[in-house]
Amino acid sequence: MPPALCAVCKTERALIKRPKNHQKLCKGCFIEIFEDEVHHTITSSQLFSRGERVAIGASGGKDSTVLASVLKTLNERHDYGVDLVLLSIDEGIKGYRDDSLETVKRNATQYDMELKIVGYDELYGWTMDQVVETIGKKGNCTYCGVFRRQALDRGAKMLGIKHVVTGHNADDVAETVLMNLLRGDLPRLSRSTSIVTGSDASEVKRSKPLKYAYEKEIVLYAHHKKLDYFTTECIYSPEAFRGSARSLVKNLERVRPSAILDVVRSGEDMARLVPGATPDACGCKGKAPPPPQSAADDENVGGCGSSNGRTVGGDMAAMEKQLRANEAAEAAGLETKVSVSRTEAQRPNSQKQQPEQQKTTGTRLPIITKQTLGNCEKCGYLTSQKLCQACMLLDGLNKNRPQITI
Ligand SMILES: [Zn+2]
Ligand SMILES: [Zn+2]
């Protein structure tokens, strides 16, 4: 059988089966389509303004490395006129973050971008290693996520930057939508689907330009562009509920590739039902971009900075390994097949469904209110409580180590 030709250019050999829709593409067309789609997300939601300084939350992992690379490419190709800076957070996790920061330092040189590194120790008086030493491994992702979110904001402020972009991809968004759906938390679901989160004009705005990009396509893009990124998974385990939502997303993707995007779109549609929420979608209806949604109490959305750390069963690691193994075949002109093996827990029938314990709350109406935001009494960070989440967590931590003052 003659080798399949690329569905787009019809001249090159198809080497990639697109995870999003199983379209068979050549390498060049895949890269172009991936970049065009991110460009579309950026322009249709009017994400950037000319002359704006934008910090890329850079972890050294595949998502943020792809984000930095694609933004550099698009900024030059389409003349966005934005000034891109890399902003890295050092959580203080030995054997993980110190190595990934080396990757970010190389990226800064490769992409010719300024790099700023902010440490948890200087911001909070605690490294993640010390947090885990104190509270144990359970629940540490919550601390890390809360600290990380504020750290990016504070780092941006140090740089005088008001816009931080993060590498959250479609899988991350779908996972968060499902988590909030399963928790019955519509307000949070609404915020998590928004491409722009942030607060008042004075605060730092957040956005996710890779919101519609599949994690698998990000891995493929990184591989075929030969990007320099860090693959080791975070040594601390992710939150169990998030892990379950993640397996659910991956299982759905297996039987229906469009499921990830469908969940994201459904999330956006449901978000429109929340009073006070503004439609987001990809803004194709030619509307002005939505005002930023409050994210002050939503600090741990996305959790840990490393998607690798949240990948259940090491799917992405397996995919990367296979891509490397396929290189020889690719060079020989054979069709590259990418498949990810299932782990035991992910086999459809291996999990017996237990009916969830029903909460008997009667005819509870969803409480959907717009929260009033104030400033944290301790650090001034925007919050709906007296203290922001980070300060509440730090309070607990410092009780166990009273000699530390922040
Ligand atoms: Zn092609
Ligand atoms: Zn605070």
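A residue is buried if 20 or more other C-beta atoms lie within 10 Å of its own. The model shown in these views is predicted.

**View 1. Helix H1 and what covers it.** Helix H1 covers residues 27-44. Its buried residues are Cys29, Phe30, Phe34, Val38, Thr41 and Ile42. What lies over them? The cover includes two strands, E1 (16-17) and E2 (24-25). It also includes two helices, H2 (62-77) and H9 (215-224). Look at the spacing of Phe30 and Phe34, both buried in H1. An α-helix has 3.6 residues a turn, so residues three or four places apart point the same way.

View 2. H1 has 18 residues. At 1.5 Å a residue, the helix should span 26 Å. Gln46 follows H1. The phi of Gln46 is positive, near 45°.

**View 3. H1 against H2.** How do these two helices cross? Their axes come within 10 Å, and the crossing angle is roughly 75°. H1 is therefore roughly perpendicular to H2. On the H1 side, the contact uses Glu35, Val38, His39 and Ile42. On the H2 side, Val70, Thr73 and Leu74 take part. Sorted by class, this contact has four nonpolar, two polar and one charged residues. Val38 and Ile42 also belong to the buried residues of H1.

View 4. H6 runs through residues 140-158. From its first C-alpha to its last, H6 reaches 26 Å. That is close to the 27 Å expected for its 19 residues at 1.5 Å a residue. Is H6 enclosed or open? Of the 19 residues, 15 are buried, so H6 is largely enclosed by the rest of the structure. Gly160 follows the helix, and its phi is positive, near 70°.

**View 5. H5 against H6.** Helix H5 spans residues 128-135. The axes of H5 and H6 come within 10 Å and cross at roughly 145°. The crossing is right-handed. From H5, Met128, Val131, Val132 and Ile135 make the contact. From H6, the partners are Asn140, Tyr143 and Cys144. By class, the contact has six nonpolar residues, one polar residue and no charged ones.

**View 6. H6 against H14.** Helix H14 covers residues 389-400. The axes of H6 and H14 come within 9 Å and cross at roughly 130°. H6 is therefore oblique to H14. Which hand does this crossing have? H6 passes H14 in a left-handed crossing. Tyr143, Val146, Phe147 and Gln150 of H6 meet Gln389, Ala390 and Leu393 of H14. This contact has five nonpolar, two polar and no charged residues. Find Tyr143 again: this H6 residue meets H14, and it also takes part in the contact with H5.

**View 7. Ala55, a buried residue in a strand.** Ala55 sits in strand E3 (residues 53-57). How many C-beta neighbours does Ala55 have inside 10 Å? There are 27, so Ala55 counts as buried. Leaving out residues up to four places away in sequence, Ala55 touches Val85, Leu87, Ala156, Leu159, Ile161 and Val164. Ser88 is 33 residues from Ala55 along the chain, with 9.4 Å between their C-alpha atoms.

Note on methods
Residues are numbered from 1 along each chain as its sequence is written. Chains are lettered from A and ligands numbered from 1 in the order in which they are written. This is a predicted model: local features need pLDDT of at least 70, side-chain atom pairs count only at pLDDT 80 or more; totals for chains, interfaces and linings use all residues. Axes are lines fitted to C-alpha atoms, for helices over the stretch in contact, and angles run from 0 to 180 degrees between N-to-C directions. Helices (H or I, at least four residues) and strands (E, at least two) are DSSP runs, numbered from the N terminus. Angles under 35 degrees count as roughly parallel, over 145 as roughly antiparallel, 65 to 115 as roughly perpendicular and the rest as oblique. A crossing is left-handed if the near helix is turned anticlockwise from the far one by less than a right angle, and right-handed if clockwise. Two residues are in contact if their C-beta atoms, placed from the backbone, lie within 7 Å. Ala, Val, Leu, Ile, Met, Phe, Trp, Tyr, Cys and Pro count as nonpolar, Asp, Glu, Lys and Arg as charged, and the others, Gly among them, as polar. A residue is buried if 20 or more other C-beta atoms lie within 10 Å of its own, exposed if 12 or fewer, and partly exposed in between; C-beta atoms are placed from the backbone. The expected span of a helix is 1.5 Å times one less than its number of residues.
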